[in-house]
Amino acid sequence: MLLVVVPVIVMTLAFAWRYRAGNRAARYAPDWDHSGRIEAVVWAVPCAIILALAVITWRATHQLDPYRRIESSVPPVNVEVVALDWKWLFIYPDQGVAAVNEMALPVGTPVHFRITSGSVMNSFFIPQLGSQVYAMAGMVTQLDLLADAPGDYAGLSANYSGAGFSDMKFTAHASDRAGFDAWVARVRAGGGALDAATYEQLSRPSERAPVTHYSRVTPDLFAAILRRSAPGGMMDRPLSTTAAPAHHAALAAPKE
């Protein structure tokens, strides 16, 4: 804005001084009605500013695309996120563990999230790391984040989803790789198994759910949650982790 405001202020003062009543040397042109040079400046400067802003906006928008993978020589950590009433379930498919209302990520390592909902639409958000992304039943949204400093980052639900919405929060622990591995080891040592029956109990509405760890996760549990809530699925049917039909399996595939 200073590109516009500063010249206008300078010209206002300059014109007031030049064309003051006491300056007899100033040109008097009462019949003047057009200047090609003034028209060129009046149109060219705003057009140049708009063009520059358009280029910056276009580039920045694509750089901040949540589906855009973060360029790094370090392999990403994969996390599957399920929004429930009113809690967050984090599944680490590569590590074979899961946690409720708590997650961990190594500093300097991209984290690739695949996000869905086991209930109503919700919104996954870690404000200090960026990018709010919706979680919708039967669909997968994606998000790539990277923590560049250790710390405990507050995560929350950014979409009203019922009575327990205000307490639907979690903590993302960012630490070095050794700290992340230690967290995974603690989960493996102190948690139970997350299978279809356990998920059924977990998915029931509850408020202020405590942090819970699961040392083992049934393979393809995330895909099973997707199948049940996908179009044609039956939300009131028991969760099944058996192989999915082709059109349901496609829903579980990440969108590129």
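How many helices and strands does the protein chain have?

1. The protein chain has 6 helices and 12 strands, where helices (H or I, at least four residues) and strands (E, at least two) are DSSP runs numbered from the N terminus. Please keep in mind that this is a predicted model, in which local features need pLDDT of at least 70 and side-chain atom pairs count only at pLDDT 80 or more, while totals for chains, interfaces and linings use all residues. Residues are numbered from 1 along each chain as its sequence is written, and side-chain values use heavy atoms, leaving out hydrogens and water.

2. Now look inside. Of the 256 residues in the protein chain, 36% are buried; buried means under 20% relative accessible area, exposed over 50%, and partly exposed in between (1.4 Å probe, protein chains only). The largest nonpolar core has 33 residues; such a core is a set of buried Ala, Val, Leu, Ile, Met, Phe, Trp, Tyr and Cys residues joined through side-chain atoms within 4.5 Å. Phe124 is among those with the most contacts inside this core.

3. Next, a charged pair. The side chains of Arg69 and Asp144 meet in a salt bridge (3.9 Å, N to O), that is, a side-chain nitrogen of Lys or Arg within 4 Å of a carboxyl oxygen of Asp or Glu. Arg69 lies in the loop between helix H2 and strand S1 and Asp144 in strand S8, so the pair ties together parts that are 75 residues apart in sequence. Arg69 is partly exposed, whereas Asp144 is buried.

4. Compare Arg114 and Glu80, whose side chains meet in a salt bridge at 3.7 Å, N to O. Both residues, Arg114 and Glu80, are buried.
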